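Please keep the sequence and the structure in view while reading.

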Amino acid sequence: MSAGGNRRAAAVAVALTAAACSGHAYEGGSPGSSAPGDASTPAAMAMDAGTGDPDLDAANATPTPDGAPGAAALDAGLALSDGFESAAVGGPPNPALWSVVEPSCSGTGSLAVDDSEAHTGQHSVRVDGGGGYCNHVFFSNTSAISGLSQVYARFFVRLDAPLAQGHVTFLAMEDQNDGDDDVRMGGQDAILMYNRQSDDATLPTLSPTGVADSVALPAATWTCVEFHVDESAGTIDTWVNGVEVPGLVENGTPVADISTQWLSKTWRPSLVSFQLGWESYADETMTLWFDDVALAAFRIGCGD
């Protein structure tokens, strides 16, 4: 982690202490025997606290409510910012930014702008993901991420049920340096994890240690997910509700039972798409919502 990252992590730890005192298809990996981290703990669930880092706190502005990046987003230097407010309920997200895609095959998966749930404003994107690979559906942006070599993403997600034991994906990014296969974020063994399509590697390794060092995403709650991919170094960092997740960090140095599988090959991605939705490889269905999605060349933060 950079010196700035260390300062942010230390500041988050202080904030959490103060808060506590104040009162396409595969089924990879071996199921872990340890229970995943408790996402209801103060560390896992701390939301929207200031970090103490002026640069990061300045970036924690409320996302622009427009369907396309507006003046506030452009002033902040965001490559993409969408709160889905200008898109019509029942229709797709803004077609100037997003395409609805069903790679390889299509089935029962569907998505639309929705006004029954929202993190901010009145709208979000609701995804009704079916069980089975062909019942997938995503909304995809290819322009914003292609211009970034330091890829920072932030989105809020709300699940209608906890992640189960089976392998699922809700974020996919095409990697043109890896045969156009995807690097994916989703769940397995009931915890948040990454999966690399080309070799089925996972981060963390789905060992008891790896499972315990990730987090479970709570149901019926908006969760802020952030990550950073350094394409030149091939590293990954991940935060949930502003707190770094040890099992979802790959800094180039193998860590037993966490990143050794991921580092079994050299990975220097060139990410050319950013897709949110649902894909299941174990017949798990899910209704989930996404809101306040942003991409930038710097850490964005969870904001309000």
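## A covered strand

A residue is called buried when its relative accessible area is under 20%. In this predicted model, strand β11, spanning residues 223-230, is mostly covered, with eight of its eight residues buried.

## Neighbouring strands

Strand β6 (residues 150-159) pairs with β11 in the antiparallel sense over eight bridges, and in this pairing Val151 stands opposite Val229. Strand β12 (residues 235-240) also runs antiparallel to β11, to which six bridges join it, and here Val229 stands opposite Ile236. The hairpin of β11 and β12 has four residues between the strands, and within this hairpin Gly234 takes a positive phi near 70°.

## Salt bridges

The count of salt bridges comes to six. One of them joins the side chains of Arg299 and Glu226, at 3.0 Å from N to O. Arg299 lies in the segment after β15 (286-296) and Glu226 in strand β11, so this pair ties together parts that are 73 residues apart in sequence. Both Arg299 and Glu226 are buried.

Another salt bridge is formed by Arg158 and Glu117, at 3.4 Å from N to O. Because Arg158 lies in strand β6 and Glu117 in the loop between β3 (110-114) and β4 (124-129), the pair ties together parts that are 41 residues apart in sequence. Arg158 counts as buried at 16% relative accessibility, whereas Glu117, at 23%, counts as partly exposed.

Key. Residues are numbered from 1 along each chain as its sequence is written. This is a predicted model: local features need pLDDT of at least 70, side-chain atom pairs count only at pLDDT 80 or more; totals for chains, interfaces and linings use all residues. Side-chain values use heavy atoms; hydrogens and water are left out. Buried means under 20% relative accessible area, exposed over 50%, partly exposed in between (1.4 Å probe, protein chains only). Helices (H or I, at least four residues) and strands (E, at least two) are DSSP runs, numbered from the N terminus. Two strands pair if DSSP finds at least two bridges between them. A salt bridge is a side-chain nitrogen of Lys or Arg within 4 Å of a carboxyl oxygen of Asp or Glu.
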